[in-house]
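Subject: Structure handover and notes

Hello,

Here is the structure for your files. Please open it first, then read the notes below.

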Amino acid sequence: MKDIKKAVILAGGKGTRLSEYTHEIPKPMIRVGPYPLMIHIMRNLHKSGIDEFYICGGYLINIIRDYLINNADVVLDDSEDSTSVKLHKEILGDSIVNLIFTGAESGTAQRLKRVSKFIGNDNFIMTYGDSLSNVDVNNVKKKLGKDKILSICAIPNKQRFGLMKVEKNGDVTEFKEKHTSNTHFINGGYMCIKPEIFKYIDDEDFDFSKDVLEKPELKGKISAYIHNGYWKAVDTKSDLNESIDEYNKGDF
């Protein structure tokens, strides 16, 4: 399989669980260390050979646009619905970053579909703009076999708390420590996708994970790479504070 060079980053949602920050900036622009979440994601993908990025913007897209313009070595385009730049080389090498307006209220399925014309016939990476990791997407790509349309990064599902069994009479009869499931995993959001996926996205589909990935027509066409390294969804203020500490320790 030829190298994958394009990545789509979903960055248009409102991030309501981090509303103390997202009432002023979109969630992917929240900083961890010197960079916004979105830049950390692109820097990690760049290590895996990605050099062309398509950011699906929506909510407060002007904040993302201003960051790109203010940190660009070269502005390639800056129109009403799109902005294309080369960021400073120390941020992202020679990569081209394209910001596309994909609607203020669109779901992830429609955001992806609205950038299909930029993907063309190329395989591509898709991920969300609000998680941090050291995922090597080349490992995910290896799972994209001839009979598959999509391969996905699976994260072991670790129980946050131990469990205990309580009988009807109130007796505690069993304790189970926190453990990692061997059969159920979290969708880590890093997906290698063939352009055939666009045939499976209907106009009424809203959420890509729920409305598209769960379609019966895709059963048997999705594979997974299990990532046991660093990964964190930044959904709450606690997650953000942990991410800042982990960045300072060099975890990603």
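**Salt bridges**

Lys215 is buried, at 11% relative accessible area. Buried here means under 20% relative accessible area, exposed means over 50%, and partly exposed is in between (1.4 Å probe, protein chains only). A word on the basis: this is a predicted model, in which local features need pLDDT of at least 70, side-chain atom pairs count only at pLDDT 80 or more, and totals for chains, interfaces and linings use all residues. Residues are numbered from 1 along each chain as its sequence is written, and side-chain values use heavy atoms, with hydrogens and water left out.

Which residue does Lys215 form a salt bridge with? Its partner is Asp202, with the closest N and O atoms 2.8 Å apart. A salt bridge is a side-chain nitrogen of Lys or Arg within 4 Å of a carboxyl oxygen of Asp or Glu. This pair links distant parts of the chain, 13 residues apart: Lys215 sits in the loop between H8 and strand E14 (222-226), and Asp202 in the loop between E13 and H8. Helices (H or I, at least four residues) and strands (E, at least two) are DSSP runs, numbered from the N terminus. Asp202 is partly exposed, at 32% relative accessibility.

By this rule, the salt bridges number 15.

- Asp78 and Arg65 meet through their side chains at 2.4 Å, N to O. Asp78 is partly exposed at 37% relative accessible area. Arg65 is also partly exposed, at 29%.
- Lys113 forms a salt bridge with Asp203, and their closest N and O atoms are 3.5 Å apart. Lys113 belongs to helix H5 and Asp203 to the loop between E13 and H8, so parts 90 residues apart in sequence are tied together. Lys113 is partly exposed, at 26% relative accessible area. Asp203 is exposed, at 66%.

Salt bridges link Arg17, Lys27, Asp130 and Asp235.

**Pockets**

The largest pocket holds about 830 Å³ of space. The terms: on a 1 Å grid over the protein atoms alone, a cavity is a set of points where a 1.4 Å probe fits but cannot get out, while a pocket is an open set with protein on both sides within 12 Å along at least five of seven lines; lining residues have an atom within 4 Å of a point. Grid points are joined across faces, edges and corners, and a volume is the space filled by probe spheres set on the points.

The largest pocket has 31 lining residues, and Gly13, Lys27, Thr108, Tyr128 and Asp130 are the closest to its centre. Lys27 and Asp130 also belong to the salt-bridge network. E13 gives the largest share of this lining, 4 residues. By class, the lining has 10 nonpolar, 13 polar and 8 charged residues. Ala, Val, Leu, Ile, Met, Phe, Trp, Tyr, Cys and Pro count as nonpolar, Asp, Glu, Lys and Arg as charged, and the others, Gly among them, as polar.

The second largest pocket has about 460 Å³ of space. Its lining is 14 residues, with Ile155, Pro156, Lys158, Ile186 and Trp231 nearest its centre. Strand E10 (residues 150-158) supplies the largest share, 4 residues. The classes are 5 nonpolar, 5 polar and 4 charged.

**Cavity**

How many cavities of 30 Å³ or more does the structure hold? The count is 1. The largest cavity has about 30 Å³ of space. Its lining is His40, Ile41, Asn44, Ser131, Leu132, Ser133, Tyr190 and Phe252. Helix H2 (37-47) and strand E9 (131-133) each give two or more of these residues. The lining has 4 nonpolar, 4 polar and no charged residues.

**Two last residues**

Met164 is found in strand E11. Met164 is exposed, at 53% relative accessible area. Ser243, in helix H9 (residues 237-249), is buried at 0%. Ser243 and Tyr35 are 208 residues apart in sequence and 12 Å apart in space, C-alpha to C-alpha.

Best regards
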